[in-house]
Amino acid sequence: MRQESAILSFETPGRGFTEITQAVADWLGQIGIGQGLLTLLCRHTSASLLIQENAAPAVRADLAAWLDRLAPEGRHYRHDDEGPDDMPAHLKATLTGVNLQIPVIGGRMALGTWQGIYLAEHRAMPHHRQIAAHLIGE
């Protein structure tokens, strides 16, 4: 049994979904583990990770609109240390989650045909984000 880990870095353009599937697949391809389990952890509290449809951009637009309805910006939050999008970003990260577990089969992530891995940026401004990746297998 082997284990490998790394910190993968990404720049986000601000609020929205940045597909990171290929970057994760590239890292996985360098490792040489054929069967195992990949764990990804977003190291932030105002961004998150999702597996979502990667073909129709409307899916991500609808998801963003839905999250905005659930956690709208406003003055009704106590926590606004970094601006009006601060607490809504934390709520959205709580709703969508910060970690993923993906089986690795034949050296590749066992994602479905239309699935992609997305780093969800819930803040309005661009950010530098880090994803901790851990792979265990053989």
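These legends describe close-up views of one predicted model. Local features need pLDDT of at least 70 and side-chain atom pairs count only at pLDDT 80 or more, while totals for chains, interfaces and linings use all residues. Residues are numbered from 1 along each chain as its sequence is written, and side-chain values use heavy atoms, with hydrogens and water left out.

View 1. Strands are DSSP runs (E, at least two residues), as are helices (H or I, at least four), and both are numbered from the N terminus. Two strands pair if DSSP finds at least two bridges between them. Axes are lines fitted to C-alpha atoms, for helices over the stretch in contact, and angles run from 0 to 180 degrees between N-to-C directions.

**View 2. Strand 3 pairs with strand 5.** Six bridges join strand 3 (residues 36-42) to strand 5 (residues 99-105). The two run antiparallel. Leu40 stands opposite Leu100 in strand 5.

**View 3. Three strands form an open sheet in the order 2-7-4.** The pairing is antiparallel. Strand 2 and strand 4 stand at the edges, so one side of each has no neighbour in the sheet. From one strand to the next, the twist averages 35°. Helix 2 packs on the sheet and touches strand 2, strand 4 and strand 7. Its direction makes about 140° with that of strand 4.

**View 4. Side chains alternate along strand 2 (residues 16-19).** Gly16 and Thr18 point to one face and are buried. Buried means under 20% relative accessible area, exposed over 50%, and partly exposed in between (1.4 Å probe, protein chains only). Four bridges join strand 2 to strand 7 (residues 115-121). In strand 7, Glu121 is the bridge partner of Gly16, and Leu119 is that of Thr18.

**View 5. Gln52 lies in strand 4 (residues 47-53).** Gln52 counts as partly exposed because its relative accessibility is 28%. Leaving aside residues up to four places away in sequence, Gln52 touches Val59, Leu63, Trp114, Gln115, Gly116 and Tyr118. Asp80 is 28 residues from Gln52 along the chain, and their C-alpha atoms are separated by 29 Å.

**View 6. Helix 2 (residues 57-70) packs against helix 3 (residues 86-96).** Their angle is about 120°, with axes 10 Å apart. The two helices are therefore oblique to each other. Leu67, Asp68 and Leu70 in helix 2 meet Lys92, Leu95 and Thr96 in helix 3. By class, this contact has three nonpolar, one polar and two charged residues. Ala, Val, Leu, Ile, Met, Phe, Trp, Tyr, Cys and Pro count as nonpolar, Asp, Glu, Lys and Arg as charged, and the others, Gly among them, as polar.

**View 7. Helix 3 has buried residues.** They are Asp86, Pro88, Ala89, His90, Lys92 and Ala93. Their cover includes strand 4 and helix 2. Just after helix 3, Gly97 takes a positive phi of about 95°.

Key
Parallel < 35°, antiparallel > 145°, perpendicular 65-115°, else oblique. Contact = heavy atoms within 4.5 Å.
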